[in-house]
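I opened this entry to record what I looked up in the structure. The notes follow the order in which I looked.

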Amino acid sequence: MTSASPGPAGLPWHLVVPVKGGTAAKSRLHPPAGVAREDLALALAGDCLTACCLALPASQVVVVTSDPRVVAVATRLGTALVADPGRGLNAAVVAGRDHVVSTSPGAPLAALLGDLPALRPQDLVAALGAATDHRLAVVPDASGQGTVLLTAREAGALVPRFGPGSVRAHEQAGHTRLDVDLPRLRTDVDEDVDLAAAARLGLGPLTSAVLELAGDPAR
């Protein structure tokens, strides 16, 4: 069992970040010519994970993946690693949650999407700070319908319901909706329009580098 000290977000948060990776990742994204979708997906995740590990101690970040390249990124950052059971996003989050429950019983837990290339450490700290006063909380994506961040003050209480209309599902399950003014945190990338929106906010260095190699004019 491990323990953690309260950080700038107010509680000793642990964070589960599921990352699919591989050739199946980001199938709705159309990278510019000369950029492999797998490379772009890896860059998106790398920027997101780097921000997470600057916001929280890396040992309190749990990356759920079975992709070797994502494993390599997480290992360099010093995060915990849990194998993706391969049954979808909710199962991946549950696998990460169960790891935290077994290693840090009673710890506060958050689950964050791993495709936030504009995320800054202070955005995550602010969102977790806003969630501190709530037993359960949910932060919507930019559309207001999907979920980017799900929190529980006690890890075992976090039950993910990701999918279409997930914010409503999480609210119905008792999560307090937090419409925080944090566009970088709320802009997840699934489609081309999402990547353009993230670029307007400011992409992380890995994603920027991948797009620069292609001479992408949308940046």
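**Entry 1: a glycine in a loop**

I started at Gly174, which lies in the loop between helix H5 (166-172) and S7. The model is predicted, and I kept that in view throughout. I then took the C-alpha separation between Gly174 and Asp84, which are 90 residues apart along the chain, and got 27 Å.

**Entry 2: the sheet**

From the loop I went on to the strands. I found seven strands in an open sheet, with mixed pairing and the order S3-S2-S1-S4-S6-S5-S7. Strand S3 (80-82) and strand S7 (176-177) stand at the edges with a single partner strand each, so one side of each has no neighbour in the sheet.

I went through the pairings next. Strand S4 (residues 109-112) pairs with S6 in the antiparallel sense over four bridges. For Leu109, I noted Ala152 in S6 as the bridge partner. S5 and S6 run antiparallel and are joined by five bridges, and Pro140 stands opposite Thr147 in S6. S5 and S7 run parallel and are joined by two bridges; here Ala137 has Thr176 in S7 as its bridge partner.

**Entry 3: strand S5**

How many residues of strand S5 (residues 136-140) are buried? I counted five of the five, so the strand is largely enclosed by the rest of the structure. In a regular strand, side chains alternate between the two faces of the sheet. I sorted S5 by direction: Leu136, Val138 and Pro140 point one way, while Ala137 and Val139 point the other way. All of these are buried.

Nonpolar side chains in soluble globular proteins tend to be buried together. I looked up the cores with that in mind. The largest nonpolar core has 58 residues, and those touching the most other members are Leu15, Cys52, Leu112, Leu119, Leu124, Leu149 and Leu185. Helix H1 (residues 37-55) gives the most to this core, with eight residues. Another core, of 13 residues, lies apart from it and has Leu29, Leu44, Val189 and Leu211 among its members.

I listed the contacts of Leu112, leaving out residues up to four places away in sequence. Leu112 touches Leu15, Val16, Val17, Pro18, Cys48, Cys52, Leu119, Leu124, Val148, Leu149 and Leu185.

**Entry 4: the largest pocket**

I then turned to open space. The largest pocket holds about 830 Å³. Its lining has 33 residues, and Lys26, Leu89, Leu113, Asp115 and Asp190 lie nearest the centre. By class, I got 13 nonpolar, 11 polar and nine charged residues in this lining. H1, helix H3 (89-103) and strand S6 (147-152) each supply at least two residues of the lining. H1 gives the most, with four residues.

I followed up Lys26. It lies in the loop between strand S1 (14-18) and H1. Lys26 is buried, with a relative accessible area of 19%. Most residues other than glycine have a negative phi. Phi of Lys26, however, is positive, near 55 degrees.

**Entry 5: the second largest pocket**

The second largest pocket has a volume of about 160 Å³. I listed its lining as Arg28, Asp141, Ala142, Ser143, Arg186, Thr187, Asp188, Asp190, Glu191, Val193, Asp194 and Ala197. Seven of the lining residues are charged, three are nonpolar and two are polar. Which helix supplies the largest share of the lining? I found helix H7 (residues 192-201), with three residues.

**Entry 6: the cavity**

I counted one cavity of 30 Å³ or more, and the largest cavity has a volume of about 30 Å³. The residues lining the largest cavity are Gly21, Gly22, Glu38, Ala41, Leu42, Asp67, Arg69 and Val70. H1 and helix H2 (68-77) are the elements that give two or more residues to this lining. The largest share, three residues, comes from H1. By class, I noted three nonpolar, two polar and three charged residues in the lining of the largest cavity.

Methods
Residues numbered from 1 in each chain as written. Predicted model: local features only at pLDDT ≥ 70, side-chain atom pairs only at ≥ 80, totals over all residues. Heavy atoms only, no water. Core = buried A, V, L, I, M, F, W, Y, C linked by side-chain atoms within 4.5 Å. Buried < 20%, exposed > 50% of the residue type's maximum accessible area, 1.4 Å probe, protein only. Contact = heavy atoms within 4.5 Å. 1 Å grid on protein atoms, 1.4 Å probe; cavity = no way out; pocket = protein on both sides within 12 Å on 5 of 7 lines; lining within 4 Å. Points joined across faces, edges and corners; volume = space filled by probe spheres on them. Nonpolar A, V, L, I, M, F, W, Y, C, P; charged D, E, K, R; others polar. Pairing = 2+ DSSP bridges.
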